[in-house]
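Me: Hi! Could you walk me through this one? I'm new to reading structures.

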Amino acid sequence: MVVTIIGIGLIGGSLALSLRQTDIASRIIGLDRNPENQQKALELGLVDEVTDDLASAVHRSDLVVVAVPMDAMLTVLPQVLALVDKQVVIDVGSTKQQLLEAIKDNPKRGRFVAVHPMAGTEYSGPEAAIPHLFDGKTLVICDAESSDADAVALVESVFQQLPMRLVYLGATEHDVHTAYVSHISHITSFALALTVLEKEKEEQRIFELASGGFESTVRLAKSSAAMWVPIFRQNRTNVLDVLDEHLRQLQHMRDLIAQENYPAVTDLIHQANLIRKILK
Ligand code: TYR
């Protein structure tokens, strides 16, 4: 099938690699508002052609993937839907409620399937695209009942072939659970990086003393503001809710250490260790 990818960054570019590698896509058309990204996507062989002509790209495609930051998504998706007749359109964004609310009365709503691949890295841009990024990962499909059955079937078939594991969620639930698991992790990592940069003024010490633990907890602090600020904006209520709990946990840990109540700290760590049962 012919696939158009709008936004050829880490996710759009990696998806292009997977769609080509599995022979799902016979031709990939790329659009990116940044001409440098367009050029790189071509050079890296992520896409067969780049264009600025959205209408022509959509009309020549079977599947259109919108992989732009969530603020741009709110304007780009309606533009794409306005051009659609039979094509299937998906987004691959991190928040869903506001987007689905914005298009709920769109006459082409049925051609759109909201999906969220739970995969990525802390890097962005076409040069960050990696093969097999999605293999074995989860794909959340949101509010599938609002999409045409044939559109959902096409999306299921494409992502099962990658192969990904499909999970179905309502948009509201999706935004609650992604805030609780994914969005909070990024905030913590940003805050950790800021903390270390504030306290440790000797950069060389950070470099020398960073071990795997520090690197793994601070990894997400390398993530892009252009991606994350719109996510925090669109999922603000859920993000504030989980952030309040996180602040409570940090304060509690601080209080116990200040009180030298080490048995209670031990208990807390044992409780935290229960995460081992879920993530091995
Ligand atoms: N970027 C995250 C990481 O490196 C993964 C991620 C996946 C982030 C989906 C957001 C998202 O919506 O682990």
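Me: What volume does the second largest pocket have?

Reply: About 320 Å³. This is a predicted model, where local features need pLDDT of at least 70, side-chain atom pairs count only at pLDDT 80 or more, and totals for chains, interfaces and linings use all residues. Residues are numbered from 1 along each chain as its sequence is written, and side-chain values use heavy atoms, with hydrogens and water left out.

Me: Which element gives the largest share of the second largest pocket's lining?

Reply: That's H12, with four residues. The lining residues include Gln-249, Met-253 and Ile-275.

Me: Where is Ile-275, then?

Reply: Ile-275 sits in helix H13, residues 275–278. Helices here are DSSP runs (H or I, at least four residues) and strands are E runs of at least two, numbered from the N terminus.

Me: Why does Ile-275 count as partly exposed?

Reply: Because its relative accessibility is 49%. Buried means under 20% relative accessible area, exposed over 50%, and partly exposed in between, using a 1.4 Å probe and protein chains only.

Me: New topic: which residues does the cis peptide bond join?

Reply: Leu-162 and Pro-163, with omega at about 0°. Pro-163 lies in the loop between helix H6 (149–160) and strand E8 (165–169).

Me: And what is the phi of Asp-23?

Reply: It's positive, about 65°, although Asp-23 is not a glycine. Most residues other than glycine have a negative phi, and most peptide bonds are trans.

Me: Is Asp-23 buried or exposed?

Reply: Asp-23 is exposed, at 66% relative accessible area. You'll find Asp-23 in the loop between helix H1 (10–21) and strand E2 (27–31).

Definitions and conventions
On a 1 Å grid over the protein atoms alone, a cavity is a set of points where a 1.4 Å probe fits but cannot get out, and a pocket is an open set with protein on both sides within 12 Å along at least five of seven lines; lining residues have an atom within 4 Å of a point. Grid points are joined across faces, edges and corners, and a volume is the space filled by probe spheres set on the points.
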